[in-house]
Amino acid sequence: MFEFDLWLFDTLQFDVLENSLRKAALFYGENIADALLQNNVTLFLNDKRNRRVLGSYSPFSITLFDTKSSMHTMLDCVFVHELAHFLDNIRTIEESRFKYASSIHGSKERVLAELFRSKMSPVPENRRRYRGRTCECFARAIEEYYALKTNNNFWLDEHRDFDYYVKFEVFENTISPVVEDYLKKLWGTNVK
C-alpha cells in the first residue's frame, strides 16, 4: 500500500524509518497515498544537523530532517504535521487566492486552527507571527492529536510546556473531539 523511496539517515535504520512513516501515513487513511501521488509530492530525507526545523512542506515535497539523535522517536509526529500542511494545501478550492484552506474564513481547517490558537498559551511577541499562522495552528492541532492518541511519550515529554501547543488536558477536552470529527470526514469533499 505505502511504498517509500528512502535512503538511510546516519542514525536511523531503514526498517525503523519506514515503519514510522507508514504508521503516520495510515493515520490519515488509505486515500493519503493516492492524494500524494496525484499531487506529485516527493518525500526527502535530509541528515543536515544544522537545521532547527524537523520538517518542511512545499506543494511539491515534504522534507524530514534528522536534527537529533533521537529523531526516530518522533519522526511519525513530524511526518503527520507535514502531511497536515499537505492536506491543508490540497483542500483549497481551485479559484482561491489562498495557499491553504485554513486561510479561508469558515473552512473546517480554519475553524480548527482558530480553536487551537485560542487555547494556546500566550505566545511571546517575537514568535507570534509564525507560531500563530492558521496553517501552523492547523498542523500542530493534528500533530498533537496524533501524539496523544498514539501515546508518543518522547513527543509528549518534549512538548509538555511549549507555548505554541495546547496543554494536554485542555486539548483532550476541547480540541480532540473537533480533530476527530475532522478526520472522520476528511475524504468526503473538496480534494483536488
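## Fold and packing of the protein chain

From the N terminus on, the elements of the protein chain run α-α-β-β-β-α-α-α-α-α-α. That gives eight helices and three strands. The model is predicted. Of the 192 residues of the protein chain, 51% count as buried.

**Helix H2**

Helix H2 covers residues 31-38. Its buried residues are Ile32, Ala33, Ala35 and Leu36. They lie on the same side of H2, because the arc they cover around the axis is only 165°. An α-helix has 3.6 residues a turn, so residues three or four places apart point the same way. Leu37 and Gln38 are exposed on the other side of H2. Asparagine 40 follows H2, and its phi is positive, near 50°.

**The sheet**

Three strands form an open sheet with mixed pairing, in the order S1-S3-S2. The edge strands are S1 and S2, each of which pairs on one side only. On average, neighbouring strands of this sheet are turned by 15° against each other, direction ignored. Strands of a sheet pair through backbone hydrogen bonds, either parallel or antiparallel. S1 and S3 take the parallel sense, over five bridges. Leucine 45 has leucine 64 in S3 as its bridge partner.

| S1 | 42-46 |
| S2 | 55-58 |
| S3 | 61-65 |

**Helices H4 and H8**

Two packed helices are described by the angle between their axes and the distance between the axes. Helix H4 spans residues 108-119, and helix H8 spans residues 168-184. Their axes come within 11 Å and cross at roughly 170°. H4 is therefore roughly antiparallel to H8, as angles over 145 degrees count as such.

Which residues meet here? H4 brings Lys108, Glu109, Leu112, Leu115, Phe116 and Lys119. H8 brings Val170, Phe171, Thr174, Ile175, Val178, Val179 and Tyr182. By class, the contact of H4 with H8 has nine nonpolar, one polar and three charged residues.

How values were computed:
Residues are numbered from 1 along each chain as its sequence is written. This is a predicted model: local features need pLDDT of at least 70, side-chain atom pairs count only at pLDDT 80 or more; totals for chains, interfaces and linings use all residues. Side-chain values use heavy atoms; hydrogens and water are left out. Buried means under 20% relative accessible area, exposed over 50%, partly exposed in between (1.4 Å probe, protein chains only). Helices (H or I, at least four residues) and strands (E, at least two) are DSSP runs, numbered from the N terminus. The arc is that of the directions from the helix axis to the C-beta atoms. Two strands pair if DSSP finds at least two bridges between them. Axes are lines fitted to C-alpha atoms, for helices over the stretch in contact, and angles run from 0 to 180 degrees between N-to-C directions. Angles under 35 degrees count as roughly parallel, over 145 as roughly antiparallel, 65 to 115 as roughly perpendicular and the rest as oblique. Contact means heavy atoms within 4.5 Å. Ala, Val, Leu, Ile, Met, Phe, Trp, Tyr, Cys and Pro count as nonpolar, Asp, Glu, Lys and Arg as charged, and the others, Gly among them, as polar.
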